[in-house]
Amino acid sequence: PVSLMQTPATRATVISTITDNVNHGLNWQLGQLAGLLTTANGYRTSPLQMVIDEANINTVNPTDMTATGVSPASFIAGQFWAEIMAYSMQNSVQFLNFWSVIEGNDLGYLRNSDAAKLPTWFHFNLVASNFAGTYLSNTTTPGANYKAFAYKNSTANEIGVLLMNQTLGSTPTRATDTHTKTFIINFGGGTPTAGYDMPFSFSTGTSLSEYHCTITVETTMLLVFDATTGALKKRETYSLRDALRTTDT
């Protein structure tokens with residue numbers, strides 16, 4: 001099991017812990033394990049592979065179980081799940097199992113009382129329903145609250161990018177905050193054009209032009225492009241504002 005935070009999490013630790021090398025975050029752990037497996041597999045005919053059989057945002061349930069908190073039912077938990085999936089793909093993890101589907105105190109991706117879809121379900125679905133082919137890592141360092149992961153699916157001739165703006169919305173109006181950040185995506189692995197809040201770059205093996213737009217605070221956005229023309233084929237967003245609605249569409 002992956003236990004990233006043994007004590008009640010803060011928003012800052014949720015955002016930083018996966019890539020925290022100093023405190024042995026998930027990406028560091030997977031890298032260390034990959035090295036051990038490489039050594040071990042030198043003596044095996046059937047190679048050992050990595051799996052994560054249980055993962056969630058926290059091992060301790062906080063008092064605040066709302067969408068604005070840091071519990072398994074929160075919006076940031078959904079972004080946390082998406083990031084775990086991304087770094088698992090980056091490190092060639094063979095399968096990843098989240099805890100859980102539905103369970104008391106809303107530990108799963110379905111709410112226990114009525115099976116409504118929680119933010120973890122929507123983020124799980126965004127990644128699982130779209131990422132296929134070759135995983136692409138972002139080569140820039142845009143800032144702690146700004147993240148992006150991508151894939152290239154040659155069969156479908158598409159490139160997809162999942163962006164997460166984890167900037168905290170204004171209090172007490174987080175439910176209606178529409179402040180935005182600008183982002184730019186470079187598809188050639190080079191330095192993105194300057195002047196944007198969230199610069200990302202992926203080595204896609206194409207000559208597509210850069211794409212730029214805006215994304216609101218506390219929002220996850222999926223963009224899917226035609227790998228030949230660069231035309232935007234699909235755009236899906238899911239935000240804290242969506243998570244605070246009473247229906248799960």
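Which residue in β8 stands opposite K181?

Modeller: The residue opposite K181 is I215 in β8. This is a predicted model, in which local features need pLDDT of at least 70 and side-chain atom pairs count only at pLDDT 80 or more, while totals for chains, interfaces and linings use all residues. Residues are numbered from 1 along each chain as its sequence is written, and side-chain values use heavy atoms, with hydrogens and water left out.

Strands (E, at least two residues) and helices (H or I, at least four) are DSSP runs, numbered from the N terminus. Strand β6 covers residues 180-186 and pairs with β8 in the antiparallel sense over 6 bridges; pairing requires that DSSP finds at least two bridges between two strands. The open sheet they belong to has 3 strands in the order β7-β6-β8, and its pairing is mixed.

E218 forms one with R11, and the closest N and O atoms are 3.7 Å apart. This pair links distant parts of the chain: E218 lies in the loop between β8 and β9, R11 in helix α1 (residues 11-16), and 207 residues separate them. Both R11 and E218 are buried, a class for under 20% relative accessible area, with exposed over 50% and partly exposed in between (1.4 Å probe, protein chains only).

By this rule there are 7 salt bridges. Another of them joins the side chains of E83 and K147, at 2.7 Å from N to O. E83 belongs to helix α3 and K147 to strand β4 (residues 146-153), 64 residues apart. E83 is buried, at a relative accessible area of 2%, and K147 also counts as buried, at 9%.

A further salt bridge runs between D242 and R245, whose closest N and O atoms are 2.9 Å apart. Here D242 is buried, with a relative accessible area of 18%, whereas R245 counts as exposed at 54%. To return to E218, salt bridges that share partners join it with R11 and R174 into one network.

Note on methods. A salt bridge is a side-chain nitrogen of Lys or Arg within 4 Å of a carboxyl oxygen of Asp or Glu.
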